[in-house]
Amino acid sequence: MEVLRAAGVFAVRDGEPNQYREHVRSRDLSVGTYCIPVGGKDGQHPHGEDEVYLVARGRATLRCEEGEYPVGPGTVVFVQAGERHQFVDVSEDLSIVVVFAPPEGARD
């Protein structure tokens, strides 16, 4: 067992770009925190893994193939492997706990 104290904590200093920090990796999944500052751009591409996002802090819009959805603290989103998605219109510093299954990069 491990308590992931840094999961969901916003860790981007003023003027720095987005940040992804992995907290744990096992054979079957990985967990990390993705941070995007206000006005930041999400440059991610579709992943080869399923993802679950839990918004811990901030507000933005999640743009995906089906449309656009507002996200904020407590929002939980499932994104299937290979689906195009991007966080846009970040209006409050965004901290997202991300779970990849299998671990990110395992299928690349």
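## Terms and basis of the model

A residue is called buried when its relative accessible area is under 20%, exposed when that area is over 50%, and partly exposed in between, using a 1.4 Å probe and protein chains only. The structure is a predicted model, in which local features need pLDDT of at least 70 and side-chain atom pairs count only at pLDDT 80 or more, while totals for chains, interfaces and linings use all residues. Residues are numbered from 1 along each chain as its sequence is written, and side-chain values use heavy atoms, with hydrogens and water left out.

## Salt bridges

Side chains of opposite charge can pair when their charged atoms come close. Under the rule applied here, a salt bridge is a side-chain nitrogen of Lys or Arg within 4 Å of a carboxyl oxygen of Asp or Glu, and the count comes to five salt bridges. Among them is the pair formed by Arg 63 and Glu 68, whose closest N and O atoms are 2.7 Å apart. Arg 63 is partly exposed, at 37% relative accessibility, and Glu 68 is likewise partly exposed, with a relative accessible area of 45%.

Another of these salt bridges links the side chains of Glu 22 and Arg 25, with an N to O distance of 3.0 Å. Glu 22 has a relative accessibility of 33% and counts as partly exposed, and Arg 25, with 44%, is also partly exposed. A further salt bridge joins Arg 27 to Asp 28, where the closest N and O atoms lie 3.3 Å apart; here Arg 27 is exposed, with a relative accessible area of 72%, whereas Asp 28 is partly exposed at 46%.

## The cavity and its lining

Rolling a probe the size of a water molecule over the atoms shows where empty space is left. On a 1 Å grid over the protein atoms alone, a cavity is a set of points where a 1.4 Å probe fits but cannot get out, and its lining residues have an atom within 4 Å of a point. Grid points are joined across faces, edges and corners, and the volume is the space filled by probe spheres set on the points. By this rule there is one cavity of 30 Å³ or more, and the space in the largest cavity is about 30 Å³.

The lining of the largest cavity is made up of Ala 6, Val 9, Ala 11, Gln 19, Arg 21, His 23, Thr 33 and Cys 35. Strands are DSSP runs of E with at least two residues, numbered from the N terminus, and both β1 (19–25) and β2 (30–36) supply at least two residues of this lining. The largest share, three residues, comes from β1. When Ala, Val, Leu, Ile, Met, Phe, Trp, Tyr, Cys and Pro are counted as nonpolar, Asp, Glu, Lys and Arg as charged, and the others, Gly among them, as polar, the lining divides into four nonpolar residues, three polar and one charged.

## The loop between β2 and β3

His 47 is found in the loop between β2 and β3 (50–64), and at 15% relative accessibility it counts as buried. The side chain of His 47 makes a polar contact, at 2.9 Å, with the side chain of Gln 44; such a contact is a pair of N or O atoms within 3.5 Å, of which, within protein, one must be able to donate a hydrogen and the other to accept it, and residues adjacent in sequence count only if both atoms are side-chain atoms. With contact taken as heavy atoms within 4.5 Å, and not counting residues up to four places away in sequence, His 47 touches Ala 81, Gly 82, His 85, Phe 100 and Glu 104.

Val 38 also lies in the loop between β2 and β3. Leaving aside neighbours within four places in sequence, Val 38 is in contact with Val 90, Ser 91, Glu 92 and Asp 93.

Ala 60, in strand β3, is buried, with a relative accessible area of 7%. Its contacts, leaving aside neighbours within four places in sequence, are Tyr 69, Pro 70, Val 71, Val 88, Asp 89, Val 90 and Leu 94.

Asp 89, one of the residues in contact with Ala 60, has its place in strand β6 and is exposed, with a relative accessible area of 56%. The phi angle of Asp 89 is near 50°, a positive value in a residue other than glycine. In the segment after β6 (85–101) stands Pro 102, which is joined to Ala 101 by a cis peptide bond with omega of about -5°.

Terms used
On a 1 Å grid over the protein atoms alone, a cavity is a set of points where a 1.4 Å probe fits but cannot get out, and a pocket is an open set with protein on both sides within 12 Å along at least five of seven lines; lining residues have an atom within 4 Å of a point. Helices (H or I, at least four residues) and strands (E, at least two) are DSSP runs, numbered from the N terminus.
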